[in-house]
Amino acid sequence: MDEKYDVIVLGTGLKECILSGMLSVIGKKVLHMDRNKYYGGESASLTPIQQVFDHFSVNKTADYGRDRDWNVDLIPKFLMANGQLVKLLIYTGVTRYLEFKSVDGSYVLKGNKIYKVPADEKEALSTSLMGIFEKRRYRNFLVYVQEFDEADPKTYKDMNPDTNTAADLFAKFGLDGNTQDFTGHALALHLNDDYKSKPCKSLVSRCKLYFESLSRYGKTPYLYPLYGLGELPQGFARLSAIYGGTYMLDKPDCEIVTDDSGKVIGVKDKEGAMAQCDAVVCDPSYAPNKCKKVGQVVRAICIMNHPVPNTKDAESVQIIVPQGQVNRKDDIYICVVSSAHQVCAKGYYLAIVSTTVETSNPEAELEPGLNLLGPIIQKFVSVSDLFEPVVEETDSKIYVTKSYDATTHFETTCDDVLHTYKRIMGEEFDFSKVKHTEEQQQAA
């Protein structure tokens, strides 16, 4: 512990592991510590299934097949096939350690029924999400989105992407409220309707990402790693190790040490040994005095022995319940995976329903999502506080990541990772700096 490091990373959540890998790759000397004995922190995958029951203090009274067949994510999220996390995985070579499977279907709630989000022009023409005239208007909107090029003002078509709002863009094409709902929430993946009053370029770029990701695999834009998300932090940890990063698990009571001016000088363990450093990266639990609570997320992990009704027996789906459909301020997200992804025993399905808490009865807020699942064998409910840095200071050199939100995709997670990297380094992450060789990868 007497060595000097460029950066000490506290916590092995996915965000911290990605940052550890990124910083190691560009030549920083990194020490990575965690109070737990396992990787993943708040975003861990639990195995065997008994660990899930223990984690939620619930007695296991039934048989769920082979214990070791279960890898249950505490915070499940899908990867956009052309999204930021996949780009990070490819550029850093972490894909060598992982195997992915595409998600079968993407659905959205309209009224009291779920509809498949159209995956191609044929589905768009046949979907009952929209009437015949609305389909024509929507097709014109999609053509606009796909032809839009921020570098070419001719593609703006009388819209200013920086001053015209998303509401203005919807109005230009005459799209009704239901179409706006599934476009803004199931395609652009906005968390609520606040985006409508903001510049429309965000809506356009998010829709483009959806369709670019969709074109990679065809069924949906989403991917999910076999054996669960726990493989992701371990993959980035191995990357960091290749580039000289040091890992220490099972290190409780780590304390960030600062000088009289408040600038970090190191991290002390419970025995009093201190490792010196120039900067610390950590999740909110390691620096509570640097964070503020900004809300809560409620999640329900559900074990079922059947696919979700009205999804054509899909082995994996995402369902988004737009806030406007259920009189809420925030969307409800449903992520469903099965034995096809090696996360549960054959014949079982895992459905995770999540949303941002708005009332004093969080579990009841999940009901519109839970009601879509059919019979549930076992349910584990948790409420987590959402934290973010009080101020994005750089003087202390203590960089705190945000808590994981309710979304079932990784785009907001990656936004925070790349933003934190920029705060540390003072510049955007340059993917071209990542130089890995096959020999280095195989040596890991």
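Asp416 and Lys15 meet through their side chains in a salt bridge, at 2.8 Å from N to O; the term covers a side-chain nitrogen of Lys or Arg within 4 Å of a carboxyl oxygen of Asp or Glu. The pair ties together distant parts of the chain, with Asp416 in helix H12 (residues 411–425) and Lys15 in helix H1 (residues 14–25), 401 residues apart. Across the whole structure, the search turns up 17 salt bridges. Side chains of opposite charge can pair when their charged atoms come close.

A word on the numbers: this is a predicted model, with local features needing pLDDT of at least 70 and side-chain atom pairs counting only at pLDDT 80 or more, while totals for chains, interfaces and linings use all residues. Residues are numbered from 1 along each chain as its sequence is written, and side-chain values use heavy atoms, with hydrogens and water left out. Helices (H or I, at least four residues) and strands (E, at least two) are DSSP runs, numbered from the N terminus.

On to the sheets, where two strands count as paired if DSSP finds at least two bridges between them. An open sheet of 7 strands runs in the order S8-S7-S15-S16-S17-S14-S18, with mixed pairing. Strand S8 (113–116) and strand S18 (378–389) sit at the edges with a single partner strand each, so one side of each has no neighbour in the sheet. On average, neighbouring strands here are turned by 20 degrees against each other, direction ignored. Inside this sheet, S14 (residues 291–304) and S17 (residues 349–356) pair in the antiparallel sense over 8 bridges, and Arg299 has Ser354 of S17 as its bridge partner.

Another open sheet has 3 strands in the order S5-S9-S6, paired antiparallel. Its edge strands, S5 (79–80) and S6 (100–102), each pair on one side only. S5 and S9 (residues 222–225) run antiparallel and are joined by 2 bridges, with Leu223 in S9 as the bridge partner of Leu79.

The axes of H7 (residues 177–187) and H8 (residues 201–217) come within 9 Å and cross at roughly 70 degrees; axes are lines fitted to C-alpha atoms, for helices over the stretch in contact, and angles run from 0 to 180 degrees between N-to-C directions. H7 and H8 are therefore roughly perpendicular, a label for angles of 65 to 115 degrees. The contact (heavy atoms within 4.5 Å) involves Thr183, Gly184, Ala186 and Leu187 of H7, and Leu203, Arg206, Cys207, Tyr210 and Phe211 of H8.

How values were computed. Angles under 35 degrees count as roughly parallel, over 145 as roughly antiparallel, 65 to 115 as roughly perpendicular and the rest as oblique.
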